[in-house]
Amino acid sequence: MENPNDEKNGEEDEDLSFEELGLDPRLTRALSKKSILKPTLVQQKAIPLILEGKDVVARAKTGSGKTFAYLLPLIQKLFSESGAKRKSGPSAFILLPTRELCHQVHSEASSLLECCRVQLKIVQLLSDMSVPEMTVALAGPPELIVSTPACVSTCLSKGIVHASSIQDSLLMLILDEADLLLSHGYEDDLKNLVPHVPRQCQCLLMSATSSSDVEKLKKLVLHNPVILTLEDSSHLKNEVIPKNVQQFLISCSHHDKLLYMLALLKLELVQKRVLIFVNTIDTGFRLKLFLEQFGIRSAVLNAELPHNSRSHILESFNSGLFDYLIATDDNKMRDQNNMDREINSKGSKKRVRQKLDAEFGVVRGIDFKNVFTVVNFDMSKSPEGYVHRVGRTGRAYNTGTSISLVSQQDEKIVEKIKLTLGDNEDSEMSSHITPFPLLSRNAVESLRYRAEDVAKSVTRFAIKESRAQDLRTEILNSEKLKAHFEENPKDLDLLKHDKLLSRRAPPAHLRDVPEYLIDPATLEASKSLKLSRAAMGIQNQFKRRSAFNKGFRKSRDPLKTFTAEGKRSFKSKKTKGENKDGGGGGRKRRRKGTASP
Ligand SMILES: Nc1ncnc2c1ncn2[C@@H]1O[C@H](COP(=O)(O)OP(=O)(O)OP(=O)(O)O)[C@@H](O)[C@H]1O
C-alpha cells in the first residue's frame, strides 16, 4: 500500500534556486564561491523538507548531489543553534560506512563553513585515534561529529562519549550511503546507538539504491519519514545510472584485457581522467607495471594501504597530479572482516583491530574529481557494484563514459547488470550498454606483439616487489612514523635505499606508438575524439549546466558519430544491424531534451 509520505519526483518539476529553497544567504554565497549555482533535483526536494524538520529518506542516483542535500540544511540549523545555551554533547552526527567517506564529508562541511566565515566545531572521529586524541576532539563539545557507526559505538561503550550527553543534545542524525551501512557490518553498532537517540532528533537516510537494508535501517532509526524517490520521468525501472553517462562494452578474451587497455589509453580513445577498476590488488599492480612500460603513469588505490596514504593518493589524483587511477573494490576484504568480527565477538583486542579494518573502503561513494572515463578492467561482481563504479563519472552536471572489458567469464554478470538497468532481452535497440565504437580489431592487433612482450615481463615477482615498494613509499610518507624515524634514522636510510633499488625506468622505444602501426580509421577516431572532447571540455568547465540541461549534441560526439571501421554519420547510415554491433547505438527511450548519451 502507498504511504502518504511517499513522494516520487520526476525532472519535470519546477526549477528552484538555492535562495528559493530557504537557505541562509551565507550558504548561498558560499555555494557561489564554489561555482555551485543551481540545486540538483535531490537538493530541490530534500532541503525544504529537512529545514521543516521532517525525517527524510532520500534515494537518488550516484553523483546526484546528496551530500549537499543534507549538509546545507544541517549547517543552517547549526547556525541557529550556535547561540543557544551551552550543551553537554554534539548537536549532530553524520555516520558513513568508510573512513574515506568521513574524510570527504568532513572536508566538504569544513570548506562550506570556511566560505561562510562561521566558526563551528566539526570533527572527524576515527577508530584509529587514541583515547586522548578522541577526548581532545570531543572537548567543547563539537557541534557536528562525522564518523562511522563502529567508532561511535566504541566511544559509547568505552565512555568516551556519554550516552546522557547524546540524549540531551542530539538534534540531527544522518546516515549517509545507507545502502552500504548494514552490508559493512554496522547493524550491531547502530543498534547500540539508537536507544540513546532522543525521540525529537531529526533523522535522515540517504542512499543511491533501494534495498532491504535501507528498509531495515528506516525502521530502526526513523519516525514516519517522508520518502523521496528521485527519478527522471523517462526512467525505466530501477535505473540508477545518471543519464549523462554513456555505457559501453568491449568483448575480448580475459588474456587480451591488458592489450585492449593499452589500445584504449595509448591510442587516446578515452577521455582523461580515467578511473580503472580491477578486482584484486595484484591485478592492479600488474596493470600499473604494464602501463608504466609504455610511459603511462598511474597509481593503485587499495585497501592494503594505510588510511592516510589512501587519502594522499586520492588528493593527488583529485588535484590533477596524474590522470590514471587504478582502484580495487574491497568487498572480499570487508566480507572477511565481517566474518572475523562475528567469530571473535568475544575476543576484545582482536575484535577492535578487525573493526578498524572493516572501516576500510576504497571507492564507494567517493567523489573522484573530474573523472571522465570509468573502465571496468575486471567486471564488478554484482550489479550494485557496477552502479557504484560507473557512478564515479558523470557526477552532478558533468558528462562521462564507462567502458567495460567483457570476457566470456563475465557474460553472466553482464546479463544480470543489463537486467538490473532495465534492458529488455527482446529489444536490442534499447540497450543501456552498447559496444564501444572507436576501437577496431586492426588497431588492437597492431599493438599485440609489443603488449604481449611487455606483459610477459610483468612477472609475479615484479608485482610482489611493486606492491611492497608502494607500501614502503607510503610508510615513508606516513605522518605517524615521522617520530620513529627521527629517533631511528638508520631505519629511514634502509627504506630509502630499498626504494631506490626498486625503481625502474620505462624503455624509451615503448613510450610512443609509431603512427604507421596504427590503422588509419582508429587514428582518425582518436584525433576526432581529441578535438571534439577538447571543445566539450571547455564547455564542461565553464558551462557545466548546459551539458546537463540541454545535453551535449549527439552530432558533435564522436562516440556517436564515428566507428573505427569507417567514418560515417550516425543518422544517415544507422541500420538495425549496426546498432546491435556497436554503431554507438540508440538509446531509443531517452527523453527529448536530456543530455545525450
Ligand atoms: N548543485 C550542484 N551543482 C553542481 N555540482 C554539484 C551540485 N551539488 C553537488 N555537486 C557536486 O557533484 C559531485 C557529486 O556530489 P555528491 O558526492 O554529493 O553525490 P552523491 O549523490 O552523494 O553520490 P554517491 O551516491 O556516489 O555518493 C560533487 O563533486 C559535488 O561537489
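The model is predicted.

**Ligand site**

Next, pick out the polar atoms. Start at K38: a polar backbone atom there is 2.7 Å from a nitrogen atom of the ligand. Move to G65, where a backbone N or O atom lies 3.1 Å from a ligand oxygen. Then take K369. An N or O atom in the K369 side chain is 3.3 Å from an oxygen atom of the ligand. How much of the ligand does the protein bury? Taken alone, the ligand exposes 640 Å², and the protein buries 93% of that.

Switch to cartoon view. Seven strands form an open, parallel sheet in the order 11-12-10-13-14-9-15. Strand 11 (298-301) and strand 15 (433-435) are at the edges; each has a single partner strand, so one side of each has no neighbour in the sheet. From one strand to the next, the twist averages 25°.

Zoom in on strand 10 (274-278) and strand 12 (324-328), which run parallel and are joined by five bridges. Here I276 stands opposite I326 of strand 12.

**Helices on the sheet**

Select helix 13, residues 307-318. Helix 13 lies across strands 10, 11 and 12, at about 140° to strand 11. Finish with helix 16, residues 383-390. Helix 16 packs on the sheet and touches strands 9, 10, 13, 14 and 15. The direction of helix 16 makes about 150° with that of strand 13.

Definitions and conventions: Residues are numbered from 1 along each chain as its sequence is written. This is a predicted model: local features need pLDDT of at least 70, side-chain atom pairs count only at pLDDT 80 or more; totals for chains, interfaces and linings use all residues. Side-chain values use heavy atoms; hydrogens and water are left out. A polar contact is a pair of N or O atoms within 3.5 Å; within protein, one must be able to donate a hydrogen and the other to accept it, and residues adjacent in sequence count only if both atoms are side-chain atoms. Accessible areas come from the Shrake-Rupley method with a 1.4 Å probe; for residues, only the protein chains shown count as cover. Two strands pair if DSSP finds at least two bridges between them. Helices (H or I, at least four residues) and strands (E, at least two) are DSSP runs, numbered from the N terminus. Axes are lines fitted to C-alpha atoms, for helices over the stretch in contact, and angles run from 0 to 180 degrees between N-to-C directions. Contact means heavy atoms within 4.5 Å.
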